Every structure is written in C-alpha cells, then in structure tokens.
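Subject: Structure handover and findings

Hello,

Here is the structure we discussed, followed by what I found in it. Please read it with the model open.

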Amino acid sequence: MAKTYADLWKELVSFDSLYAAYLATRKGRRRKIGVMEFEADLEGNLIQLQNELVWRSYRPGGYHSFYVYEPKKRKITALTQYRDRIVQQAIFSLIEPIWESRFISHSYACRVGKGTHAAANKVQLMLKDCLVTYGVVHALKADISRFFASINHEILKRCIKKRISDHHLLDLIDIIIDGYSEPDTPGVGIPIGNLTSQLFANVYLDELDQWAKCRRSEKWYARYMDDFVFIHPEKKHLQALLLDAQEFLGRNLALDTNHKTQVFPVAVRHGRGLDFVGYHLWPHKRRLRRSSVARISRNVRRLSKLYGNGSVDNAAVRSKILSYANHARSGDAIGAVEKILSKTTFTRRST
C-alpha cells in the first residue's frame with residue numbers, strides 16, 4: 001500500500017506557510033486592487049486568515065467566469081477574493097511534492113521541467129523507436145470530452161485520500177472541491193482558474209497513467225493534461241486498447257473520450273503525422289501546426305498594439321518575441337515567424 005501523509009495540518013496553518021503563499025501569489029499581481037487591499041493590513045489579514053483555518057471556520061468566497069480564445073475558446077472560472085488564492089497556494093505548495101513523487105515521468109502538463117516541448121520531444125522519440133524496431137508506426141490519439149467540467153467530486157476525493165490521510169486537511173480540500181460545480185450538475189466539475197485544479201486534474205488522470213504503464217505495461221504512452229497517446233506497431237492492438245481505455249475511464253473516472261479520438265498509421269516522412277501539443281509529429285521531423293502559426297501572428301499584432309499604447313515595455317516585448325521564436329524553431333517554423341515580424345512595427349504612440 002502506498003504511503004499516506006497524516007501530519008500536515010500544523011504546517012499548512014503556520015504563519016510562515018501563509019506568508020510564503022502570499023509572496024508566491026502576489027507575483028505579477030502587485031497592482032491588483034485585491035492584493036493592495038490585503039497588503040494594507042498584511043499582518044492582520046494573514047493572522048485573521050490563519051485563525052479561520054485553525055478554528056476551521058474558513059470558507060472560500062465566490063467565483064467569476066470569463067472566456068479566453070487562445071488556443072481555443074474556453075470558460076475560465078476564477079476566485080474573486082485574493083485571500084482564497086493564498087490558501088490554495090499554501091495547499092498546493094504543501095501537497096504538490098507528495099504527488100510529484102508518484103506521477104509517471106511521461107505526464108507533461110503543469111509540472112516543473114515538463115511542458116509542451118518536452119512532451120513533443122518524448123513522443124517523437126517514441127515514434128522513432130517504434131519505426132526503427134518494427135518498421136511501422138501506429139498511434140492512438142485520444143482527447144477526453146469536457147475534462148474539467150466532468151471531474152466527479154467523490155472520485156477526486158477518493159484519489160486524493162490515497163496519499164493524504166490528515167483529516168483536517170482533507171476537510172479543507174473537500175470544502176474547496178465542493179465549492180464549485182458545473183451548472184445543473186452538482187458534484188461534478190472543477191474550475192480551470194484554480195491553482196489547485198491543475199494539480200487535482202493530474203491527480204485524477206494519474207489513475208489512467210498508472211493503468212497504462214503499470215497494469216497494461218504499455219511501452220510508448222504519454223499524456224498532456226486531457227490529451228494522451230499510445231504508440232504501437234500493430235493497429236489491432238491499439239484498437240483493442242482504445243476500447244479498454246474507454247471502459248476504464250468510464251467505470252473508474254466517469255469520463256468519456258471525444259469524437260477526435262482515433263487510431264491511425266503515422267507516415268514515415270510524408271503523409272499523416274501525429275497531432276499532439278501543438279505540433280504535427282513524424283518519426284524524423286515535426287512541424288508547428290498552422291493554427292499555432294496563426295496564433296503567433298495574432299499575438300504579435302496584439303503585442304505591437306500594447307507596446308504602442310505603453311502597456312508593455314521593451315523587455316516584455318523581447319521576452320515574448322524570444323518565446324515565439326523558440327517555439328517556432330522547435331517546430332521548423334522560424335521562417336514563418338520571421339515573416340510575421342518583418343510585417344510588424346513596434347512604435348510608441350505619442351501622448
């Protein structure tokens with residue numbers, strides 16, 4: 001049986017823990033009204049928050065929702081009160097290392113040292129290994145339908161209890177989990193905007209990771225949040241695996257795969273590649289998706305406007321452009337980004 005952690009509450013509610021969480025959450029938010037109001041009586045507000053946690057009277061405030069359109073339209077639900085961000089940061093800082101030690105190495109989302117580039121590198125290596133070993137490559141590419149909106153609260157709590165047994169901390173986590181549900185579906189869904197949600201999502205799908213790697217012993221498997229892939233030389237093997245994976249997800253996690261899930265052959269150099277984490281991947285090459293290049297173009301135009309009205313400075317522009325160039329370079333699209341930049345001017349407008 002896996003080790004569980006039972007003596008965490010005192011550390012969570014210590015003043016040092018809350019102060020460290022405050023320092024972490026204020027980064028990039030120093031000019032936000034909620035942060036400035038909290039800082040007006042920093043010590044008093046932290047002590048008040050600590051007392052509420054110690055006496056177990058703390059209750060999080062409400063949420064507000066908005067939409068983002070990059071890389072696709074998504075509803076983001078975020079906390080309205082800054083103090084709640086501090087509590088979630090404290091919880092995250094305390095329990096994230098516990099789970100990080102359990103996660104498989106081929107889970108790439110919301111983890112230090114991972115990310116889209118690392119995921120693309122590893123999956124491309126899997127494709128190459130399969131081709132070199134067997135001379136043919138097939139892929140099972142799966143997306144989970146409405147993942148965050150479909151997470152079942154009771155199942156999530158059971159997953160968390162596999163590693164944490166401190167009942168005070170579990171009670172607080174339950175309050176946070178049950179503090180949000182999707183409209184008309186009580187007990188289902190977690191808000192994308194919560195810091196804890198990113199960790200809880202990985203905890204939830206760690207069940208799939210363990211099934212794939214430990215119970216099924218699949219050699220070539222990787223996941224980036226709710227997108228996952230299996231690589232294998234035999235199409236029939238992946239077709240059977242897909243049925244088993246769908247049955248496992250439905251029975252154990254109350255999740256379904258969406259209509260984009262399929263099994264297909266991956267071409268060696270030309271023809272169909274594997275679409276994963278923003279790239280088209282083949283065993284010996286990769287290409288940034290056209291939608292990703294179009295998104296970079298939109299972001300550069302937006303950055304030009306922000307620079308023009310004084311909302312960002314030279315350092316911010318250089319940092320963003322370097323990020324876009326590195327992303328494009330890793331997908332053989334640096335020429336496309338250079339063309340975008342050649343058509344864009346960064347000029348301050350006079351006031």
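Buried means under 20% relative accessible area, exposed over 50%, and partly exposed in between, with a 1.4 Å probe and protein chains only. By that cut-off, 47% of the 351 residues in the protein chain are buried.

Two notes on the source. This is a predicted model, so local features need pLDDT of at least 70 and side-chain atom pairs count only at pLDDT 80 or more, while totals for chains, interfaces and linings use all residues. Residues are numbered from 1 along each chain as its sequence is written, and side-chain values use heavy atoms, with hydrogens and water left out.

Overall form

The protein chain has 14 helices and nine strands. Both are DSSP runs numbered from the N terminus: helices are H or I with at least four residues, strands E with at least two. The radius of gyration is 23 Å, close to the 20 Å of the globule rule for 351 residues, so the chain is as compact as a globular protein of that length. That radius is taken over C-alpha atoms, and the rule is 2.2 Å times the number of residues to the power 0.38. Along its principal axes, the C-alpha trace spans about 65 × 65 × 35 Å.

The chain exposes about 18000 Å², and carbon and sulfur atoms supply 51% of that. Accessible areas come from the Shrake-Rupley method with a 1.4 Å probe; for residues, only the protein chains shown count as cover.

Contact means heavy atoms within 4.5 Å. Take the contacts with a separation of 6 or more: residues 24 or more positions apart account for 69% of them.

The four-stranded sheet

Four strands form an open sheet in the order β4-β5-β3-β6, with antiparallel pairing. Two strands pair if DSSP finds at least two bridges between them. The edge strands are β4 (220–224) and β6 (262–265), each pairing on one side only. The twist averages 20° from one strand to the next. Axes here are lines fitted to C-alpha atoms, for helices over the stretch in contact, and angles run from 0 to 180 degrees between N-to-C directions.

Strand β3 (residues 138–143) pairs with strand β5 (residues 227–232) in the antiparallel sense over six bridges. There, D143 stands opposite D227 in β5. Two helices pack on this sheet, and both touch β4 and β5. Helix α6 (residues 116–134) runs at about 160° to the direction of β4. Helix α10 (residues 195–215) makes about 175° with β4.

What of β4 itself? Four of its five residues are buried, so β4 is largely enclosed by the rest of the structure. It pairs with β5 in the antiparallel sense over five bridges. Y221 stands opposite F230 in β5. The hairpin of β4 and β5 has two residues between the strands, and M225 takes a positive phi near 55° in it.

The cores

A nonpolar core is a set of buried Ala, Val, Leu, Ile, Met, Phe, Trp, Tyr and Cys residues joined through side-chain atoms within 4.5 Å. The largest has 65 residues; I95, F147, I160, L169, L172 and F230 touch the most other members. Leaving aside neighbours within four places in sequence, F147 is in contact with A201, Y204, L205, M225, D226 and L255. Another core lies apart from the largest one; it has 35 residues, among them F264, L288, I296 and L303.

The three-stranded sheet

A second open sheet, of three strands, has the order β7-β8-β9 with antiparallel pairing. β7 (274–276) and β9 (286–288) stand at the edges with a single partner strand each, so one side of each has no neighbour in the sheet. Neighbouring strands are turned by 25° against each other on average, direction ignored. Strand β8 (residues 279–281) pairs with β9 in the antiparallel sense over three bridges. L288 in β9 is the bridge partner of Y279.

Two alanines

A149 is in helix α7 (residues 147–150) and counts as buried at 14% relative accessibility. Beyond four places in sequence, A149 touches E182, V188 and G189. A245 sits in helix α11 (residues 235–253). A245 is buried too, with a relative accessible area of 1%. From A245 to A109 is 136 residues in sequence and 20 Å in space, C-alpha to C-alpha.

Best regards
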